[in-house]
Amino acid sequence: MNSSSFNRRNWLKQTGLGAGALMFGAQVVPWTSKANPAFGMTPLYQPSLIETHKVIERDLIELKARLLANENPYGPSPKAIEALKEAAIKGNRYVYNSSKEFAETLAEKEGVTGKQILISPGSTDILEKFAFATCLKGGNVISADPGYMSIVNTARAIGATWKNIPLKDDYSHDLKAMEKAVDSETRFVYICNPNNPTGTITPIEEIKAFAKKVSKKVPVFIDEAYIELMDGGESAVGLVQEGYDVVICRTYSKIHGMAGLRIGYMVASEERVDKIQELVRTEMGISVTSLHAAIASTKDLEFQEKTKTLNAEARNYVFNSLQDLGYKPIPSHTSFILYPINIPTKDFAEKMLSMGVGIRVFTINDKPYSRVSMGTMGEVKLFVDSLDQITG
Ligand SMILES: Cc1ncc(COP(=O)(O)O)c(C=O)c1O
């Protein structure tokens, strides 16, 4: 199939969205969190009705601006590419030495021992395997709603229930409510800071105070996928150094621009690392080339700084442009911006796709939203121009 085979009717049919689509009023309604007493019952955040990336992959749609997966348009770093090429010759051997070298590089950076680091092919792998290691016998897990769902989805798939705690009106985690929700069946609390899909943060001091208390009962898992992109972003990794039962999860898909090379890692107590390693060997899923690219990228601070600066420039431009067009974007600390839209999600995504712009759509609290990832200036300008056309 090629891009010309994409047509509206087929797409609606295949995604099951042809009939009975929800209609929304013309007014853009900002997010306000509602109390949701029915834990594990009715998430405020409905995963995207339109899996834009699946439509694109299936129909091989060629995008002019791929702004749907929070990828880094500038990566990988030239030094990472060089290291990757040089490592190709090691491809006949298993990765033991290289993975040890990478874990040691990370241990030094994070101020922990090598045994407190677990490396993996992307942080999705850590999220899923942590859920497996903790939820094999059911129980419940606690996280914010709306929030990033990988770990929760895996936990639910193997029998745990989800206690979804609405974000507060300022889009920060409702840590008091999360603490209250912990019970004897809770397997972990998941915090995503900055949060996806809102792009918002919860003050680090509040997270630390929460984690110190709550980790005495259950592990507190903190996903810091976007922390390097925020100004003054402080990791909670110090809590692991201090011996709390806190798990920090990081990815090379964002600031390092290595989403396709698949590298992530977790920092936690030796016991937590061992619990996962008793079940699976995450490092066996990583290629030697990716490992050496990651080692080189870790040291390439110039590339990371460049990504951060260019990302912030694009983010400012998109934020201001959205406001100029009459939208109410949520101020973001990440490489994406969430904004309420005033047409049904499927129509919005389809119109943007027809102009070669891939974005994501979500239904949150029964309202339609779109999330746009940052791209190059050229890409985000195309996004704004396309939005202008469909808005006007
Ligand atoms: C909050 C968060 N965590 C984890 C991931 C997974 O990243 P990866 O598996 O590419 O490391 C993402 C990807 O977008 C994310 O947004």
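Reader: How many helices and strands are there in the protein?

Author: The protein has 14 helices and 13 strands; helices (H or I, at least four residues) and strands (E, at least two) are DSSP runs, numbered from the N terminus. This is a predicted model, in which local features need pLDDT of at least 70 and side-chain atom pairs count only at pLDDT 80 or more, while totals for chains, interfaces and linings use all residues. Residues are numbered from 1 along each chain as its sequence is written, and side-chain values use heavy atoms, with hydrogens and water left out.

Reader: What makes strand β8 count as largely enclosed?

Author: A residue is buried when its relative accessible area is under 20%, exposed when over 50%, and partly exposed in between (1.4 Å probe, protein chains only). Six of the six residues of β8 (residues 246-251) are buried, so the strand is largely enclosed by the rest of the structure. Val-246, Ile-248 and Arg-250 point one way, Val-247, Cys-249 and Thr-251 the other way, and all are buried. Of the 392 residues of the protein, 56% count as buried.

Reader: Why is Ala-312 called partly exposed?

Author: The relative accessibility of Ala-312 is 22%, so the residue counts as partly exposed. Ala-312 is found in helix α12 (residues 301-324).

Reader: Which strands are joined to β8 by bridges, β7 in a parallel or antiparallel sense, and β9 in a parallel or antiparallel sense?

Author: Two strands pair if DSSP finds at least two bridges between them. Four bridges join β7 (residues 220-223) to β8, and these run parallel; Asp-223 has Cys-249 as its bridge partner in β8. Four bridges also join β8 to β9 (residues 264-267), here antiparallel, with Val-267 of β9 as the partner of Ile-248.

Reader: What is the strand order of the open sheet of seven strands, and why do β3 and β5 stand at the edges?

Author: The order is β3-β9-β8-β7-β6-β4-β5, with mixed pairing. β3 (117-120) and β5 (161-166) each have a single partner strand, so one side of each is left without a neighbour in the sheet. Neighbouring strands of this sheet are turned by 20° against each other on average, direction ignored. Helix α6 packs on the sheet, touching β4, β5, β6 and β7, and its direction makes about 150° with that of β4.

Reader: How is the packing of α5 with α6 described?

Author: Two packed helices are described by the angle between their axes and the distance between the axes. Axes are lines fitted to C-alpha atoms, for helices over the stretch in contact, and angles run from 0 to 180 degrees between N-to-C directions. For α5 (residues 123-135) and α6 (residues 150-157), the angle is about 35° and the axes are 8 Å apart. The contact (heavy atoms within 4.5 Å) is made by residues including Leu-127, Phe-130 and Cys-135 of α5 and Ile-151 and Ala-155 of α6.

Reader: How do you know that Cys-249 is in no disulfide?

Author: A disulfide is a pair of cysteine sulfur atoms within 2.5 Å. The nearest cysteine sulfur to that of Cys-249 belongs to Cys-192 and is 9.2 Å away, and Cys-249 is in no disulfide. By this rule the count comes to zero disulfides. Cys-249 has a relative accessible area of 0% and is therefore buried; Cys-135, with a relative accessible area of 0%, is buried.
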